[in-house]
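Please look at the sequence and the model, then read on.

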Amino acid sequence: LSVQDLVNESLYRIQEVDPKVKAFLSVDEEGARQAALSLDEQLAKGGERGLLYGLPAGIKDNMNTEGWKTTCASKFLSNHTSIYDATVVRKLREAQSVTIGKLNMDEFAMGGSNENSGFHPSYNPWNLDYVPGGSSGGSAAAVAAGEVYFALGSDTGGSIRQPAAYCGVVGLKPTYGLVSRFGLVAFASSLDQIGPITKNVEDTAYVLQAIAGHDPLDSTSLKSTIPDYISSLTGDVKNLRIAVPKEYMGEGVSPQVKESVLSALKVLEGLGATWEEVSLPHTEYAVATYYLLASSEASSNLARFDGVRYGVRTDNADNLIELYRKSRSEGFGAEVKRRIMLGTYALSSGYYDAYYLKAQKVRTLIKQDFEKVFEQYDVIIGPTAPTPAFRIGEQVDDPLTMYLNDILTIPVSLAGIPAISIPCGAVDGLPVGLQIIGKALDEATVLRTAHAFE
Ligand code: GLN
C-alpha cells in the first residue's frame, strides 16, 4: 500500500461519512495529496520510514498549521490563517504522518459536547442523535468513524478523555509539560495539554513517542528524558497495584458504567493484578475549583482577541473601546462570554483572595490526594465519565449539569498527571470509557495497563 493509497482512502471515507458526522472544519485535500506523493517518492529513492510513516492524521482546530486556517471553532477566528506550525504539527510532519484536516471542537475548547462550536456540532458515529463529547469531539468522532488513523486533541479538564470515552476510542492526556504547547491556542495555560486520540493503545504509544519531549519554545515544557513507550507494551500486569477511588464509583455514576469498570478490573485481576478501594477526599471540590481557575486563566488568555490583532473586526465602531466591545460581542459565543465574565470577576481586586487564591489552595489539596494514593499503588482506575454520551440538545441550556460531567476527569487535570481513556463496554449501543491514571511522567505504566486489554 502506498501513502497515496492511504491518503486517498482517508479522503474517500471523509467524503462518504463526514456529511453526517461533521467532524472536520477544513480538509486540505491538495496538501495531503502532495505530502503523500513526496513521501512515496522519498521511499522509492531509498529513504527511511518515519515513526508515523504515511498515516493520515487530523488536528484539533486549536493547533496552529502554517498557511492554513486555525479557528478554534470560533466565529472570531473564522478568517484567521496561522503564520507558523505548532511544535506538535512539526513533529508529526517529521515523523512522516500526513495531516488531512482540522477538526471541530467546542469554541476555544470550552465545553463537553461540541455543541459550543461556533460553526456546527459534530455527531457521535455510534448514534447520530448523540453528542461525540468535547471539547475534542471532532477528533474523537473522526477516529471512531475511520476518517483518519489518529488525531490530536487537547485536554484542559477532560477534553481528550471524555470524547474518547463517548466515541469508543483511546485518548491519552499526558503529564502536564510532556508535550509542547507551543502553537496551541491557550485556554487555561496551567492545565492545557495535547495528546493522541487513536483506535488502540499501541497507536497511542506511537503517537506519544513522536510528539513528547522538551521544547525550548514552551517555558513549561519538561526536560525529562523520554522513555521508549512502545517497548513498555509488554502485556504484563502481574502484581500491579490498582487503587479504585470510592468517590469515582459513587452517587451520580450510572450503575451500568460501574458494572463495566468492575468487569475491566476482573480482567486485570485475572492477569495477576490486585485492586483495593481508596479515597480521594477532595474530589467533590474539583469541579468548582476547575471552573474557577480555568475561567480565570481563560479571561486573561482571551484578552488578546480584541478585534485589532487577530480575526474578525466589527464593521460598526466609532471609537476604540466600541471596537473592542463590538468585535468581542459579535465574535464570541455564549459559553466563551460566560467564562470570560466569571474569570474576570474572580480575578478582580477584592475577590481575588476569596476565589482565585482559595481555588489554588484547593488545587494543591487535590494534588496531594493523588500523591498519597500513589505512595502505595501503581495506577488509579475508575470510569472516564459518569454516563455514556447524552443526546444532542439535552444539556445545552444547563451549563451546570454539563460541568458536572467533568467530575472524573478534572481532578487529574488539576494534579497535572497522566490518564488514558480506553473503551470498556457499552450501554444501549453507546461506548463506556475506562480511565487509567498514573503518577507524573509514568505514561509507560498507564500504557502498559491499558494495553493488557488488547
Ligand atoms: N468540559 C471542560 C470544559 O468545558 C473541559 C474542557 C477541556 O478540557 N478543554 O472546560
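In what order do the eleven strands of the open sheet lie?

## The sheet

The order is E1-E3-E2-E4-E6-E5-E10-E11-E9-E7-E8, and the pairing in this open sheet of eleven strands is mixed. At its edges lie strand E1 (24-27) and strand E8 (274-278), each of which pairs on one side only. Neighbouring strands are turned by 30° against each other on average, direction ignored. Strands (E, at least two residues) and helices (H or I, at least four) are DSSP runs numbered from the N terminus, and two strands pair if DSSP finds at least two bridges between them.

## Basis of the model

This is a predicted model, in which local features need pLDDT of at least 70 and side-chain atom pairs count only at pLDDT 80 or more, while totals for chains, interfaces and linings use all residues. Residues are numbered from 1 along each chain as its sequence is written, and side-chain values use heavy atoms, with hydrogens and water left out.

## A strand pair and a helix

Strand E10 (residues 419-427) pairs with strand E11 (residues 430-438) in the antiparallel sense, over seven bridges. Pro 423 has Gly 433, in E11, as its bridge partner.

Helix H2 (residues 29-44) lies across E1 and strand E3 (98-103) and runs at about 160° to E3. Angles run from 0 to 180 degrees between N-to-C directions, with axes fitted to C-alpha atoms, for helices over the stretch in contact (heavy atoms within 4.5 Å).

## Cysteines

The structure holds zero disulfides, a disulfide being a pair of cysteine sulfur atoms within 2.5 Å. The sulfur of Cys 424 is too far from the others for a bond, because the closest cysteine sulfur, in Cys 167, is 15 Å away.

Cys 424 counts as buried because its relative accessibility is 18%, and Cys 72 counts as buried at 0%. Buried means under 20% relative accessible area, exposed over 50%, and partly exposed in between (1.4 Å probe, protein chains only).
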